[in-house]
Amino acid sequence: MKKIASFTVDHIRLLPGIYVSRKDYVGEEVITTFDIRMIKPNREPVMNTAEIHTIEHLGATFLRNHAEYGSRVIYFGPMGCRTGFYLLLAGDCESKDIVPLIKEMFVFIRDFHDEVPGARAQDCGNYLDMNLPMANYLADRYLREVLEQIGEENLHYPA
(Lines give C-alpha, C1' and ligand atoms only; values in the text may rest on other atoms or scores of the structure.)
Protein backbone atom coordinates (compact mmCIF):
# COMPACT_ATOMS: atom_id res chain seq x y z
CA MET A 1 0.00 0.00 0.00
CA LYS A 2 1.13 3.55 -0.73
CA LYS A 3 2.13 5.58 2.34
CA ILE A 4 -0.24 8.50 2.98
CA ALA A 5 1.22 12.01 2.84
CA SER A 6 1.08 12.72 6.59
CA PHE A 7 3.26 9.65 7.25
CA THR A 8 6.00 11.07 5.01
CA VAL A 9 6.57 14.11 7.28
CA ASP A 10 9.74 13.75 9.37
CA HIS A 11 8.22 13.69 12.85
CA ILE A 12 11.68 13.61 14.46
CA ARG A 13 12.40 17.12 13.14
CA LEU A 14 8.83 18.45 13.28
CA LEU A 15 8.33 21.47 15.55
CA PRO A 16 5.13 22.83 17.04
CA GLY A 17 3.50 25.17 14.56
CA ILE A 18 0.82 25.56 11.91
CA TYR A 19 1.31 23.54 8.74
CA VAL A 20 -0.63 22.91 5.55
CA SER A 21 -1.07 19.16 5.72
CA ARG A 22 -2.89 18.77 2.40
CA LYS A 23 -5.20 20.39 -0.11
CA ASP A 24 -8.11 18.50 -1.61
CA TYR A 25 -10.71 19.41 -4.19
CA VAL A 26 -14.44 18.87 -3.89
CA GLY A 27 -15.63 19.90 -7.32
CA GLU A 28 -14.09 23.33 -7.87
CA GLU A 29 -13.71 24.06 -4.15
CA VAL A 30 -10.35 23.66 -2.39
CA ILE A 31 -10.35 22.23 1.14
CA THR A 32 -7.17 23.05 3.07
CA THR A 33 -6.23 20.76 5.96
CA PHE A 34 -4.04 22.37 8.61
CA ASP A 35 -1.84 20.55 11.11
CA ILE A 36 -2.03 22.59 14.33
CA ARG A 37 0.92 20.94 16.07
CA MET A 38 1.20 21.75 19.78
CA ILE A 39 3.64 19.09 21.01
CA LYS A 40 7.06 18.03 19.66
CA PRO A 41 6.32 14.52 18.37
CA ASN A 42 8.28 11.71 20.02
CA ARG A 43 10.26 14.22 22.12
CA GLU A 44 7.87 15.33 24.84
CA PRO A 45 4.80 13.88 26.55
CA VAL A 46 1.60 13.94 24.54
CA MET A 47 -1.57 15.64 25.75
CA ASN A 48 -4.03 13.64 27.84
CA THR A 49 -7.48 13.00 26.46
CA ALA A 50 -9.25 15.29 28.96
CA GLU A 51 -7.41 18.44 27.89
CA ILE A 52 -7.58 17.47 24.21
CA HIS A 53 -11.33 16.99 24.57
CA THR A 54 -11.67 20.38 26.26
CA ILE A 55 -9.58 22.14 23.59
CA GLU A 56 -11.69 20.41 20.94
CA HIS A 57 -14.96 21.67 22.44
CA LEU A 58 -13.66 25.21 22.96
CA GLY A 59 -11.84 25.40 19.62
CA ALA A 60 -14.76 24.08 17.59
CA THR A 61 -17.18 26.44 19.35
CA PHE A 62 -14.87 29.42 18.79
CA LEU A 63 -14.17 28.60 15.15
CA ARG A 64 -17.76 27.87 14.12
CA ASN A 65 -18.87 31.16 15.70
CA HIS A 66 -16.07 33.23 14.18
CA ALA A 67 -17.40 36.19 12.16
CA GLU A 68 -14.92 35.80 9.27
CA TYR A 69 -14.07 32.09 9.25
CA GLY A 70 -17.14 30.42 10.77
CA SER A 71 -18.78 29.65 7.43
CA ARG A 72 -15.52 28.15 6.10
CA VAL A 73 -14.89 25.70 8.97
CA ILE A 74 -15.40 22.11 7.92
CA TYR A 75 -13.79 20.32 10.86
CA PHE A 76 -11.67 20.90 13.95
CA GLY A 77 -10.55 17.90 15.96
CA PRO A 78 -7.66 16.05 17.59
CA MET A 79 -4.92 13.97 16.04
CA GLY A 80 -4.85 10.36 17.15
CA CYS A 81 -1.23 10.77 18.28
CA ARG A 82 -2.36 13.46 20.75
CA THR A 83 0.22 16.03 19.64
CA GLY A 84 -2.17 18.49 17.99
CA PHE A 85 -5.32 19.12 15.99
CA TYR A 86 -6.54 19.20 12.43
CA LEU A 87 -8.44 22.18 11.08
CA LEU A 88 -10.15 21.87 7.70
CA LEU A 89 -11.17 25.10 6.00
CA ALA A 90 -12.94 25.73 2.72
CA GLY A 91 -10.60 27.69 0.47
CA ASP A 92 -7.04 27.63 -0.80
CA CYS A 93 -5.06 28.86 2.21
CA GLU A 94 -1.49 28.93 3.46
CA SER A 95 -0.29 28.59 7.05
CA LYS A 96 0.61 32.27 7.37
CA ASP A 97 -2.95 33.21 6.37
CA ILE A 98 -4.49 31.71 9.51
CA VAL A 99 -1.90 32.66 12.14
CA PRO A 100 -4.11 35.53 13.43
CA LEU A 101 -7.12 33.19 13.62
CA ILE A 102 -5.17 30.52 15.54
CA LYS A 103 -3.74 33.13 17.92
CA GLU A 104 -7.24 34.44 18.56
CA MET A 105 -8.54 30.92 19.17
CA PHE A 106 -5.79 30.05 21.66
CA VAL A 107 -6.27 33.35 23.54
CA PHE A 108 -9.95 32.39 23.80
CA ILE A 109 -9.03 28.93 25.14
CA ARG A 110 -6.37 30.29 27.52
CA ASP A 111 -8.80 32.84 28.99
CA PHE A 112 -11.91 30.63 29.11
CA HIS A 113 -13.05 29.95 32.69
CA ASP A 114 -16.74 29.10 32.38
CA GLU A 115 -18.72 25.92 31.73
CA VAL A 116 -17.19 24.18 28.71
CA PRO A 117 -19.67 24.31 25.81
CA GLY A 118 -21.22 20.91 25.18
CA ALA A 119 -19.89 19.40 28.41
CA ARG A 120 -23.20 17.90 29.49
CA ALA A 121 -24.46 14.35 29.18
CA GLN A 122 -27.14 15.27 26.65
CA ASP A 123 -24.56 17.11 24.47
CA CYS A 124 -21.50 14.84 24.48
CA GLY A 125 -20.73 11.13 24.52
CA ASN A 126 -17.95 11.48 27.12
CA TYR A 127 -18.75 14.76 28.88
CA LEU A 128 -16.90 13.88 32.09
CA ASP A 129 -13.53 13.62 30.32
CA MET A 130 -12.66 17.34 30.48
CA ASN A 131 -9.78 19.27 32.03
CA LEU A 132 -10.25 23.02 31.62
CA PRO A 133 -7.26 24.13 33.77
CA MET A 134 -4.90 21.98 31.72
CA ALA A 135 -6.47 23.20 28.46
CA ASN A 136 -5.91 26.79 29.68
CA TYR A 137 -2.29 25.97 30.49
CA LEU A 138 -1.59 24.28 27.15
CA ALA A 139 -3.18 27.15 25.22
CA ASP A 140 -1.01 29.64 27.13
CA ARG A 141 2.10 27.55 26.49
CA TYR A 142 1.36 27.29 22.75
CA LEU A 143 0.79 31.05 22.55
CA ARG A 144 4.00 31.92 24.42
CA GLU A 145 6.32 29.31 22.93
CA VAL A 146 5.05 29.15 19.35
CA LEU A 147 2.43 31.62 18.17
CA GLU A 148 3.86 34.84 19.63
CA GLN A 149 7.17 34.30 17.81
CA ILE A 150 6.14 32.06 14.93
CA GLY A 151 8.74 31.72 12.19
CA GLU A 152 9.09 29.95 8.86
CA GLU A 153 10.27 26.77 10.64
CA ASN A 154 6.85 26.65 12.33
CA LEU A 155 4.89 27.24 9.10
CA HIS A 156 6.46 24.73 6.69
CA TYR A 157 7.14 21.03 7.22
CA PRO A 158 10.83 20.09 7.52
CA ALA A 159 12.32 19.18 4.15
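Modeller: In this predicted model, His-66 is in contact with Leu-101 and Glu-104, when its neighbours within four places in sequence are left aside. His-66 itself belongs to the loop between helix 1 and strand 3.

On the side of helix 2, the contact is made by Ile-102, Lys-103, Phe-106, Val-107, Ile-109 and Arg-110; helix 3 contributes Ala-135, Asn-136, Ala-139, Asp-140, Tyr-142 and Leu-143. Taken together, the residues of this contact divide into eight nonpolar, one polar and three charged.

Not counting residues up to four places away in sequence, Ile-102 touches Ile-18, Ile-36, Leu-87, Tyr-142 and Leu-147. Several of these names return in the account of the interior. In soluble globular proteins, nonpolar side chains tend to be buried together. Here the largest nonpolar core has 39 residues, and those that touch the most other members are Ile-18, Ile-36, Leu-87, Ile-102 and Phe-106. At least two residues of this core come from each of strand 2, helix 1, strand 3, strand 4, helix 2 and helix 3.

In what order do its strands stand? The sheet is open, has four strands in the order 1-2-4-3, and is paired in the antiparallel sense. Strand 1 and strand 3 stand at the edges with a single partner strand each, so one side of each is left without a neighbour in the sheet. From one strand to the next, the twist averages 15°. Helix 1 packs on this sheet by touching strand 3 and strand 4, and the direction of helix 1 makes about 165° with that of strand 3.

The sheet can now be followed pair by pair. Strand 1 (residues 17–26) and strand 2 are joined by nine bridges and run antiparallel. Within this pair, Tyr-19 has Asp-35 as its bridge partner, while Tyr-25 has Val-30. The two strands form a hairpin with two residues between them, and in its turn Gly-27 has a positive phi of about 65°. Strand 2 also pairs with strand 4, again in the antiparallel sense, over seven bridges; there Arg-37 stands opposite Gly-84. Strand 4 is mostly covered, as six of its seven residues are buried. Finally, five bridges join strand 4 to strand 3, and these strands too run antiparallel, with Pro-78 opposite Phe-85.

The hairpin of strand 3 and strand 4 has five residues between the strands. One of its features concerns the backbone. Most residues other than glycine have a negative phi, and most peptide bonds are trans. Arg-82, in the loop between strand 3 and strand 4, has a positive phi of about 65° although it is not a glycine. With 31% relative accessibility, Arg-82 counts as partly exposed. Asn-42 likewise is not a glycine and has a positive phi of about 65°; its place is in the loop between strand 2 and helix 1. At 65% relative accessibility, Asn-42 counts as exposed.

One further relation returns the account to helix 3, where Glu-145 is found. Glu-145 is partly exposed, with a relative accessible area of 44%. Glu-145 and Pro-16 are 129 residues apart along the chain, yet 8.8 Å separates their C-alpha atoms.

Methods. Residues numbered from 1 in each chain as written. Predicted model: local features only at pLDDT ≥ 70, side-chain atom pairs only at ≥ 80, totals over all residues. Heavy atoms only, no water. Contact = heavy atoms within 4.5 Å. Nonpolar A, V, L, I, M, F, W, Y, C, P; charged D, E, K, R; others polar. Core = buried A, V, L, I, M, F, W, Y, C linked by side-chain atoms within 4.5 Å. Buried < 20%, exposed > 50% of the residue type's maximum accessible area, 1.4 Å probe, protein only. Pairing = 2+ DSSP bridges. Axes fitted to C-alpha atoms, helices over the stretch in contact; angles between N-to-C directions.
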